[in-house]
Amino acid sequence: MDVEIFKLNKQSDKSLLIKCLNETSNEEIARLLKEKLDDYYGTNDVDTILLLRAMFQDKEKLEKSKQASHVVNLILPEIELLASDMLREIGITITEIIDENSPVQLRILDIFSKVWNVLAAADELNHLSDIFDHLLEARWNNQVAVGISSASNEIELSNSQLETIIRHMIRKLSDLEMEEVPPFIYQLLLLSRKDSCMEGTVMLHISFAIKQDKDLGDELVKLIKNDKSSQLEVFNIACLLSAARIHRLQDTIFDLFKTSILSIYKDKEKLDRSIWISEYSPLDAEKYSQVLLDVVEKSALGWDQVIQSLTQLALILIDNYANNDSIQKTRSSNLMNSGANEQVANLGVSMLSQLFKHHDVVRSEILEQITSRIVSRSDSAMEFLSLLQHIIQKYPEEVEKYLSNVIKIKNNNMNILLTIVYRLRTP
């Protein structure tokens with residue numbers, strides 16, 4: 001039967017092939033495939049790869065789709081038993097089917113994903129590189145583009161491969177039909193998170209190791225404290241924030257952040273008065289601030305474990321360095337004319353604003369903290385008032401379900417409410 005299927009597949013008109021497959025029972029196809037897979041290196045009859053290829057032609061027929069799905073379910077458990085050379089051939093054959101630029105049975109991409117991950121687990125990097133190159137060189141039919149983007153989320157990619165395929169998918173976006181764009185973009189967004197998710201997994205492992213070994217946590221803090229340049233690395237700062245969730249390290253890490261950030265901004269004040277010295281400064285205040293804001297952005301891409309620590313740190317920065325006379329400040333004052341303390345507090349405000357934007361899990365807490373500071377008229381009340389103004393203006397829909405917090409402010413202090421109204425109306 002395999003010879004017959006092979007011969008029919010070579011004909012330009014696939015109707016006889018479809019008829020043959022539809023008239024063949026699932027049990028008979030299963031028996032044939034098992035025989036071929038068990039005897040892959042056999043010298044007689046049709047090559048297994050060519051047989052599989054024949055079963056995935058002209059896939060728009062409903063009956064054929066059901067048949068192909070059954071075949072895929074049969075093959076998937078057997079893939080781990082195949083030799084790496086055969087897996088490479090299967091992977092490249094699938095890319096060649098894709099390259100034909102015609103609709104295919106999307107279940108074949110399940111085989112592709114499984115083949116790739118088995119080769120990745122075996123560290124067959126050369127085979128993976130060959131398959132990856134063929135995939136990028138193939139012409140993606142619009143019908144299969146979404147399927148490939150989904151399959152890409154299921155396979156283990158190196159950082160360089162991840163960046164390459166994301167760029168390739170972005171270029172492909174303009175070729176898609178309108179109805180194919182939303183699911184394609186969704187898969188693209190999921191794919192873009194993978195790099196952050198990998199790093200997030202590493203952070204979790206580091207935190208777990210620190211919990212088991214106290215000295216390891218102390219060494220991490222010491223390393224980042226003594227190496228100023230490492231404080232400009234987003235991943236290093238994120239690791240420190242992740243470790244801050246461990247109670248015994250919490251105060252130590254937050255104290256390090258407080259002193260480091262204030263020191264950097266105080267140095268900036270001095271450097272602003274001696275511009276020629278700034279060329280020799282190892283740290284830049286704006287760069288350091290951007291690193292923390294980048295961590296906030298990354299927290300929305302899979303670094304969930306740093307969200308609470310970022311929120312705590314931002315509150316600490318505002319409470320410790322808010323200007324006691326900030327209520328006298330005008331809206332015309334800018335960052336360049338602000339003192340070091342005020343700039344640190346402004347950084348905390350920016351962090352909380354971005355955290356409110358990205359994470360529903362901390363919105364209630366942030367608004368509670370705003371309410372508490374404003375109602376109690378703490379030294380940081382005006383900074384939190386600025387934060388409230390910003391999030392109401394920028395994220396009104398997110399604020400809407402927390403209106404009770406704003407009403408509480410109104411009921412406790414009408415003067416502060418009038419200040420809010422004035423700020424909201426002032427351009």
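This is a predicted model: local features need pLDDT of at least 70, side-chain atom pairs count only at pLDDT 80 or more; totals for chains, interfaces and linings use all residues.
Let's start with the pair. Two packed helices are described by the angle between their axes and the distance between the axes. Here, helix α8 spans residues 125-137 and helix α10 spans residues 159-172; their axes come within 11 Å and cross at roughly 10°. An angle under 35 degrees counts as roughly parallel, so α8 and α10 are roughly parallel to each other.

Which residues make this meeting? From α8 come Phe132, Leu135 and Leu136, and they meet Gln161, Thr164, Ile165 and His168 of α10.

Leaving out residues up to four places away in sequence, His127 touches Ser84, Asp85, Arg88 and Leu119.

Now over to helix α14, residues 247-273, where Ser260 is found. Once neighbours within four places in sequence are set aside, Ser260 is in contact with Gln231 and Tyr288. Ser260 and Tyr288 lie 28 residues apart in sequence, with a C-alpha to C-alpha distance of 9.8 Å.

Are these two residues buried or exposed? The table gives their values.

| Residue | Relative accessible area | Class |
|---|---|---|
| Ser260 | 7% | buried |
| His127 | 14% | buried |

Buried means under 20% relative accessible area, so Ser260 at 7% counts as buried, and so does His127 at 14%.

Conventions: Residues are numbered from 1 along each chain as its sequence is written. Side-chain values use heavy atoms; hydrogens and water are left out. Helices (H or I, at least four residues) and strands (E, at least two) are DSSP runs, numbered from the N terminus. Buried means under 20% relative accessible area, exposed over 50%, partly exposed in between (1.4 Å probe, protein chains only). Contact means heavy atoms within 4.5 Å. Axes are lines fitted to C-alpha atoms, for helices over the stretch in contact, and angles run from 0 to 180 degrees between N-to-C directions. Angles under 35 degrees count as roughly parallel, over 145 as roughly antiparallel, 65 to 115 as roughly perpendicular and the rest as oblique.
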